[in-house]
Amino acid sequence: IQADGTDGSCVTFVLHDEDHTLGNSLRYMVMKNPDVEFCGYCITHPSESKINFRIQTRGALPAVEPFRKGLNDLMGVCQHVLNTFERSMKEFRAQK
């Protein structure tokens, strides 16, 4: 991850080896934060596997904080989905 920005409340993060899968999910999680004024991403070019992920916050909150929280929240959601799937598969196999 590279971060570029003159102001700590408005930063563009460059995420390498990522695409819309992470970009759109992370954008959704970050936008749930009421302190975030803007959050968006773009893919620089179809042949490059990186995204520019921009966050702008209200007030003095550094943009890295909602970025970090969004990643942690997204990991929690993914872990919940995985646990639910594995539990369901175990129950399904036990019925056979």
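## Fold

Read from the N terminus, the elements of the protein follow the order β-β-α-β-β-α. In total, the secondary structure consists of two helices and four strands. The model under discussion is predicted.

## Overall form

The protein has a radius of gyration of 17 Å, whereas the globule rule gives 12 Å for 96 residues; the value is well over that of the rule, so the protein is more spread out than a compact globule. The C-alpha trace spans about 60 × 35 × 15 Å along its principal axes.

Among the contacts in the protein with a separation of 6 or more, 53% are accounted for by residues 24 or more positions apart.

## Surface and charge

Of the 96 residues, 26% count as buried. The protein exposes about 6600 Å², and 54% of this area is supplied by carbon and sulfur atoms.

The side chains include 11 positive and 12 negative ones. The centres of these two sets lie 9 Å apart.

## Nonpolar core

The largest nonpolar core has 15 residues. Those with the most contacts inside this core are Leu-26, Val-30, Phe-53, Ile-55 and Phe-67.

At least two residues of this core come from each of the following elements: strand 2 (10-16), helix 1 (20-31), strand 3 (36-43), strand 4 (50-57) and helix 2 (64-95). Helix 1 provides the largest share, with four residues.

Technical notes
Residues numbered from 1 in each chain as written. Predicted model: local features only at pLDDT ≥ 70, side-chain atom pairs only at ≥ 80, totals over all residues. Heavy atoms only, no water. Rg over C-alpha atoms; globule rule 2.2 N^0.38 Å. Buried < 20%, exposed > 50% of the residue type's maximum accessible area, 1.4 Å probe, protein only. Contact = heavy atoms within 4.5 Å. Areas by Shrake-Rupley, 256 points an atom, 1.4 Å probe, with all protein chains shown as cover. Lys, Arg positive; Asp, Glu negative; His and termini not counted. Charge placed at Lys NZ, Arg CZ, Asp CG, Glu CD. Core = buried A, V, L, I, M, F, W, Y, C linked by side-chain atoms within 4.5 Å.
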